[in-house]
Amino acid sequence: AVIDDEGVMTVLYTGNVFVNGHDEQSGLRQVQCLATSTDGFHFDKVGEVIPRPGDVDHSRDPKVFRVGDTWYLVIGVAAQSGRGQVHLYRSDDLRHWTSEGVLFEDPNPDVFMLECPDFFPLDGRWVLAYSPMGLRPDGYANRNSHNSGYVVGSWQPGEEFVPATEYRPLD
């Protein structure tokens, strides 16, 4: 949730669209939706503002942030290639979004989804936090099947995110 330029609470969230019925076996597709509220209790649903990227079925957990006058949004994606990715979008008004493409793809071939991404500046660097699904235990590391961690790197609007670290666990 963010406050837009008119002072209205604007919430972006993942919506589920069932293509052939109402269960996951019927063709679940995830899209990003928007709702607004002037009081924080009553919400008006605007509906879908970002369709699913390409043939991707699982894209979720939007995180919105602003750089200057431009809004950005990251979502976690399970790409058709079987790799976990974070996709980046930009907008001037929170309602009309343009894809900036893949911000990050996890280098581990076992990771098939990156959930709950967060992307923020810290001390002159950018931190990409996420929960990789599919990490296999490696000795003591990754024994928790629901890991979360981060990579640190550099990024400027219109440019690629360049990681400077490997994945580091948070828990």
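Modeller: Start with burial. Buried means under 20% relative accessible area, exposed means over 50%, and partly exposed is in between (1.4 Å probe, protein chains only). This is a predicted model: local features need pLDDT of at least 70, side-chain atom pairs count only at pLDDT 80 or more, and totals for chains, interfaces and linings use all residues. Residues are numbered from 1 along each chain as its sequence is written, and side-chain values use heavy atoms, with hydrogens and water left out.

Biologist: Why is Ser-148 called buried?

Modeller: Its relative accessible area is 18%. The limit is under 20%, so Ser-148 counts as buried.

Biologist: Where is Ser-148, and what is Ser-148 in contact with?

Modeller: Ser-148 sits in the loop between β10 and β11. Strands (E, at least two residues) are DSSP runs, numbered from the N terminus. Contact means heavy atoms within 4.5 Å. Leaving aside neighbours within four places in sequence, the contacts of Ser-148 include Tyr-130, Pro-132, Tyr-167 and Asp-171.

Biologist: What makes Asp-5 and Arg-66 a salt bridge?

Modeller: The term needs a side-chain nitrogen of Lys or Arg within 4 Å of a carboxyl oxygen of Asp or Glu. For Asp-5 and Arg-66, the closest N and O atoms are 2.8 Å apart. That is within the limit, so the pair qualifies. The two residues are 61 apart in the chain: Asp-5 is in the loop between β1 and β2, Arg-66 in strand β5.

Biologist: Why is Arg-66 called partly exposed?

Modeller: Arg-66 has 32% relative accessibility.

Biologist: How many salt bridges does a search of the whole structure find?

Modeller: Six. Among them, Asp-118 and Lys-63 meet at 2.8 Å, N to O. This pair links strand β9 with strand β5, 55 residues apart. Asp-118 is partly exposed at 24%. Lys-63 is also partly exposed, at 24%.

Biologist: What makes Asp-110 and Arg-136 a salt bridge?

Modeller: Their N to O distance is 3.3 Å. The limit is within 4 Å, so the pair qualifies. Asp-110 lies in the loop between β8 and β9, and Arg-136 in the loop between β10 and β11.

Notes. Helices (H or I, at least four residues) and strands (E, at least two) are DSSP runs, numbered from the N terminus.
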